[in-house]
Amino acid sequence: MQEGRRANRRSRGFSLIELLIVIAIILILIGIAAPMYDKLQMGAREAAAKVTLSKTFNVVQTQYKNTYQRYAANVLELCPPASGGTTGPQASGLLSGDICSGEKGGYVFTMTSTSPDIYTINANPKVPGSSGRIFYFLDQTGVVRQNDASKGNEPANANSPEIR
């Protein structure tokens, strides 16, 4: 009779210890997976910033120069005009979306132009080491350069290593 009661009591469910062990195993797996997920996301943000520089900004600056005989001096000159006005050198409408704020995917894009034939664009992680580890640089040559954040959070420049 006692064996029958034990069998019934045992088949009702898990003990508290068994549930705690399962929860501990799940937490350990999450602790292992979370940093790997963060690294994957950081890598994706870095790749997106590099493509934005090499494909988007490089092409748009070329279009802008062909149209206005100079490179754009800042990101706003590449964006649509405010209030649906007409396009022109101050607002060409060549870029759209969130990049017009100067920030995209955890990277901050800053553009300068010192003459009609020269421009530079830096793509720097908003939070170095968290939103990205690599600083990017592009100029009128179309060559994207990089500087790793492990070297002191220095923005990339014309002397930084070229991306191959």
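Q: Which residue of β5 is the bridge partner of isoleucine 134?
A: In this predicted model, isoleucine 134 is bridged to aspartate 148 in β5.

Q: What makes β4 and β5 a pair of strands?
A: Pairing calls for at least two bridges between the strands. β4 and β5 have five bridges and run in the antiparallel sense, so they count as a pair. In their hairpin, four residues sit between the strands, and glycine 142 takes a positive phi near 85°.

Q: How do you know that β3 and β4 pair as well?
A: Set their bridges against the same cut-off of at least two. β3 and β4 are joined by four bridges and run antiparallel, so this pair qualifies too. Two places to look at are threonine 120, which stands opposite aspartate 139 in β4, and asparagine 122, whose bridge partner in β4 is phenylalanine 137.

Q: What makes β4 a mostly covered strand?
A: Buried means under 20% relative accessible area, and six of the six residues of β4 are buried. Both faces are covered: Ile134, Tyr136 and Leu138 lie on one side, with Phe135, Phe137 and Asp139 on the other.

Q: Why is glutamate 46 called buried?
A: Its relative accessible area is 6%, and the cut-off is under 20%, so glutamate 46 is buried. This residue sits in helix α2. Beyond its sequence neighbours up to four places away, glutamate 46 touches Tyr107, Gly132, Arg133, Ile134 and Tyr136.

Q: What covers the buried residues of α2?
A: The cover includes β1, β2, β3, β4 and β5. Among the buried residues of α2 are Met42, Ala49, Leu53, Phe57 and Tyr64.

Q: How do you know that the reach of α2 is close to the expected one?
A: Compare the two values: α2 has 53 residues and reaches 73 Å from its first C-alpha to its last, while 78 Å is expected at 1.5 Å a residue. The helix also bends by about 30° at threonine 52. Just after α2, glutamine 69 takes a positive phi of about 60°.

Q: Which residues of the largest nonpolar core touch the most other members?
A: They are Leu53, Phe57, Leu78, Leu95, Phe109 and Tyr136, out of 24 residues in this core. α2, β2, β3 and β4 each supply at least two residues, and α2 gives the largest share, five residues. Take leucine 95 as a case: leaving aside neighbours within four places in sequence, leucine 95 is in contact with Thr56, Phe57, Val60, Val75, Leu78, Cys79, Pro80 and Cys100.

Q: Why is the link between cysteine 79 and cysteine 100 called a disulfide?
A: The sulfur atoms must be within 2.5 Å; here the S to S distance is 2.2 Å, so the pair meets the cut-off. It is the one disulfide in the structure, and both cysteine 79 and cysteine 100 are buried.

Q: What makes this disulfide left-handed?
A: The torsion about the S-S bond of cysteine 79 and cysteine 100 is about -110°, so it is left-handed. Both cysteine 79 and cysteine 100 lie in the loop between α2 and β1, so the pair ties together parts that are 21 residues apart in sequence.

Technical notes
Residues numbered from 1 in each chain as written. Predicted model: local features only at pLDDT ≥ 70, side-chain atom pairs only at ≥ 80, totals over all residues. Heavy atoms only, no water. Core = buried A, V, L, I, M, F, W, Y, C linked by side-chain atoms within 4.5 Å. Buried < 20%, exposed > 50% of the residue type's maximum accessible area, 1.4 Å probe, protein only. Contact = heavy atoms within 4.5 Å. Expected span 1.5 Å × (residues − 1). Bend = angle between axes of the 7 residues up to and from the residue.
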